[in-house]
Number of protein chains: 2
Amino acid sequence: MLQVSKQEGTYLYRQVIDLIAENIDAGALRPGDRLPSLRKMSQTAGVSIPTVRQAYIELERQRRVESRPQSGFYVRHVAANDIVLPTPSYEGEPIPLTCRTLMERVYNGINNPDLVPLGIANPTMARPAAKALHRAMKRVMARAENRSLGYSATLGEPALRRQIAYQYLDTTGVQVDPEHIGITNGGQEALLLALKAVASEGDIIAVETPTYHGLLELIDSLDMLAIEIETCPEEGVTISELERTLQTHDVKACMFSTTLSNPLGVTMPEKDRRKMVDVLEKYDTILIEDDVYGDLRFDGVRPVPAQFLGGKAHIITCGSFSKTAAPGYRIGWVVTDEYIERISQLKRAFSCTSGLLQQLTLADFLASGDYTRHLKALRPVLKRNADRLAALVAEHFPPQTRTSKPVGGSVLWLELPGGVDAENLFDEAIEAGISIAPGRIFSPCSCYANFLRLSFGHPWTEHTENAMRWLGNRVTEIAAQSG
Amino acid sequence: MLQVSKQEGTYLYRQVIDLIAENIDAGALRPGDRLPSLRKMSQTAGVSIPTVRQAYIELERQRRVESRPQSGFYVRHVAANDIVLPTPSYEGEPIPLTCRTLMERVYNGINNPDLVPLGIANPTMARPAAKALHRAMKRVMARAENRSLGYSATLGEPALRRQIAYQYLDTTGVQVDPEHIGITNGGQEALLLALKAVASEGDIIAVETPTYHGLLELIDSLDMLAIEIETCPEEGVTISELERTLQTHDVKACMFSTTLSNPLGVTMPEKDRRKMVDVLEKYDTILIEDDVYGDLRFDGVRPVPAQFLGGKAHIITCGSFSKTAAPGYRIGWVVTDEYIERISQLKRAFSCTSGLLQQLTLADFLASGDYTRHLKALRPVLKRNADRLAALVAEHFPPQTRTSKPVGGSVLWLELPGGVDAENLFDEAIEAGISIAPGRIFSPCSCYANFLRLSFGHPWTEHTENAMRWLGNRVTEIAAQSG
């Protein structure tokens, strides 16, 4: 089957590529199959070893195969899968949260260091910046010995606010006034302050579906109600659905993640961002833009937050170093001109200030260029982990399993065959020493019962592979029983 | 005048003491006057120099005189003054906050490093524990290099929760279950989580008068209403007034500082704590006990928080390392059995977790004994600063000025002559390079217009003395104009 015809006018290595691709498409080579070795392929196809190598590398670049160290090249799995939206399952009405107890159990799993951490979204653990951050912190300790223990200004250390502004300029070309940036205790407090600044008890808040569970807990804790808006895995929030909801409900604010949403991983294209801003302006609805993953696209391209696209909608953008540098530092921020005074009052009332030593350390870390270098090194590690995780899904999970195709961040979203209840799977996985995030926590209603979020933001070990094998086998068993 | 009669049966040094005391009481020796030198007094009184020295030291212990290095002994000022409660000025009804703008200006003053910091309550700056804390942090960085950057458990690092429990045992003999301690972003977030856990929008919350301005901002930010309870400078909240208020108003919770309240500096005696707990139980009202200054009494005695006195009232106690170790670490805690699950949910929703590196560092700092050593060294520095500040008030402020008598902490509460508006004084002081805390911010209504809080929790310099001289002179001028 593997023979190259040595056609005129075509590079030999391209013919090797076509040959492999045809075999994959025809099902003769299936996901997970090992390609013939370079030597074998060279003999079979009658071309040189360097030609075969060139072909395999190009196939890898095209993400059709992947190399595994000391093992060879394998057919990748992910290309054939595609996520399907569970359109009928969400309510389309504002409803209170029903899964608090489950969330509690998921957090207990996350907090247990003995479990394989497939349940937590913590990208930097895949390649921690500990050495550079510790160095920066020691410099700060030496430079500001007593001061670094003291209170920061309410809205944060000016040096860090300037560095964050510079970072926006550097990566998106947008000029942000440091005075419009307020430092918070991580992204979660940024969301809290933004939401409390614009909405009150009983207000309706629109969210994506599925959405980040921390948003749902926040909305519920402030005695507000979440309403879900249909969200497409390619373009994010469906703008027509957003408009329909704003027409029919008195929505006070939207809380959307515009880049690398969690758990779906979708980045809203700029044309949709502009449409969204127009619709928000039309209905005078405020947007709280969750942008904590913006720096983590594998391609390094930083989309411009909706706030900076020039519309007149009221937007507060929330950022954080938790996903990109150090979650334990608890340093995030809000960007807003309109609400900065109100947020300053709330910040003081709710937590006084944020940690000064960490702020000074991050300011130094950014100013030194170490942050940019760290991101450059982190992204390919995350990408490689993403590919490996997807390959393991394809290898061990039932063929009906559908997955998102992460282009950044640290999570994979899976739809399991219908009969598989991810909450039960969660309980069994905990017993087996594995933490996962069942789909139910990503919606206020009980949809996503057969969905799952898996993380690839941690150091890759044999435990990861074993855990994925266990999960895949168990899902296969359950699917077979219920099918 | 200064002669000792050498009576039978009385130590000579006691007779010297009586002689000086009589002269002070009669006005012959006035506050600020220098006592005769040891040699002079020895000659005049006809007793030995060691006897005079013994007398002077005892007078200093009694706080009637003070020694100044290389200068001698001086009559203290503070003894003759006494704080007077402005009973007619508070409303006795739940009212919304009226001084947000002023608070904003006070914080701007506090945040300006170029001003003499008489406006901020930051005791540790008088003797920072930077070296010991930095050493502890470096140990943690070496020991938990990557882990220290990660997420803490929602309610905090178990090692720190155990150390805090041990600290309660060590200083008060009370056994606290570490599982009932939840780590927060400083004392302010502890107060937020406690209040949100037990009360809702529109609820009435009882506070001392005067009270910590951060409580008022918090209550207002959660759309609740504060009602003031008469507070006596000797015993704290007047229990009969508390009961009267609980009878007449539907008070959801009380937020009281039981030890070294801010700004009054009062510690509620144990018998009153017990009475308070009984009253709260009778009216089924919850207490949020602000105990962030508990470790800072000059005498080193740690009063037992009301929660641990054995009553059945619902109490959440809030503590912090901000006033005793490092405000910039933003590490505080709640102690509660009853509400710990609710607080865990709120903590996750509001700020996810608290900083792990700081938690690990404080756990190390406490376990090593450095925290206890630090407190032992800090208390006498604060006491000495308190004495010096009171002496400067007596020296430079009008004689009608009345002050609190701090027995711990880092603030002095002053009542200025009636015509002096402390808000105007605040504005003038800022212009003169001095930050102060005008009385108005310590009450939701506009009482305490002629009150002032001054801090002695910072390194003592000539700037402090110059600032106090400027303030005293200015107050004297204004009082003279308005008198």
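Everything described here belongs to a predicted model. Is Glu289(A) buried or exposed? Glu289(A) is buried, because 27 other C-beta atoms lie within 10 Å, and 20 or more are enough to count as buried. Setting aside neighbours within four places in sequence, Glu289(A) is in contact with Phe256(A), Thr258(A), Pro305(A), Ala306(A) and Gln307(A), and also with Ile315(A), Ile316(A), Thr317(A) and Cys318(A). Val335(A) is 46 residues away from Glu289(A) along the chain, with 9.6 Å between the two C-alpha atoms.

**The nonpolar cores**

The largest nonpolar core has 266 residues, and the members that touch the most others are Ala194(A), Ile288(A), Ala194(B) and Ile288(B). Which residues does Ala194(A) meet, leaving aside its neighbours within four places in sequence? The contacts of Ala194(A) are Ile288(A), Ile316(A), Cys318(A) and Val334(A). Ile316(A) and Cys318(A) are also among the contacts of Glu289(A).

**Domains of chain A**

The domain assignment divides chain A into domain 1 (12–76), domain 2 (81–125 + 377–482) and domain 3 (129–372). Between domain 1 and domain 2 of chain A, the centres, taken over C-alpha atoms, are 31 Å apart. The contact between these two domains of chain A involves 4 residues of domain 1 and 4 residues of domain 2. On the domain 1 side, those residues are 1 nonpolar, 1 polar and 2 charged.

**Helix 6 of chain A**

Just after helix 6 of chain A comes Gly173(A), with a positive phi of about 75 degrees.

**Where the chains meet**

How many residues does each chain bring to the contact? Chain B brings 45 residues and chain A brings 46 residues. On the side of chain B that touches chain A, at least two residues each come from helix 4 (100–110), helix 5 (130–143), helix 7 (186–198), helix 8 (213–221), helix 11 (340–351) and helix 12 (356–367) of chain B. Helix 11 of chain B gives the most, with 6 residues. By class, this side of chain B has 20 nonpolar, 18 polar and 7 charged residues.

Helix 11 of chain B has 12 residues and spans 16 Å from its first C-alpha to its last, close to the 16 Å expected at 1.5 Å a residue. Its buried residues are Ile343(B), Leu346(B), Lys347(B), Arg348(B), Ala349(B), Phe350(B) and Ser351(B). Cys352(B) follows helix 11 of chain B and has a positive phi near 70 degrees.

**Backbone details in the loops**

| Backbone feature | Value |
|---|---|
| Cis peptide bond, Thr209(A) to Pro210(A) | omega about 0 degrees |
| Cis peptide bond, Thr209(B) to Pro210(B) | omega about -5 degrees |
| Positive phi, Asp223(B) | phi near 60 degrees |
| Positive phi, Asp284(B) | phi near 55 degrees |

Where do these residues lie? Pro210(A) sits in the loop between strand 5 (204–209) and helix 8 (213–221) of chain A. In chain B, Pro210(B) belongs to the loop between strand 5 (204–209) and helix 8. Asp223(B) is found in the loop between helix 8 and strand 6 (225–232) of chain B. This residue is partly exposed, with 14 other C-beta atoms within 10 Å. Asp284(B) lies in the loop joining helix 10 (270–282) and strand 9 (286–290) of chain B. Asp284(B) counts as exposed because it has 10 C-beta neighbours inside 10 Å.

Terms used. Residues numbered from 1 in each chain as written. Chains lettered and ligands numbered in written order. Predicted model: local features only at pLDDT ≥ 70, side-chain atom pairs only at ≥ 80, totals over all residues. Domains from an automatic or database assignment. Contact = placed C-beta atoms within 7 Å. Nonpolar A, V, L, I, M, F, W, Y, C, P; charged D, E, K, R; others polar. Core = buried A, V, L, I, M, F, W, Y, C linked by C-beta atoms within 7 Å. Buried ≥ 20, exposed ≤ 12 C-beta atoms within 10 Å, placed from the backbone. Helix = DSSP H or I, 4+ residues; strand = E, 2+ residues; numbered from the N terminus. Expected span 1.5 Å × (residues − 1).
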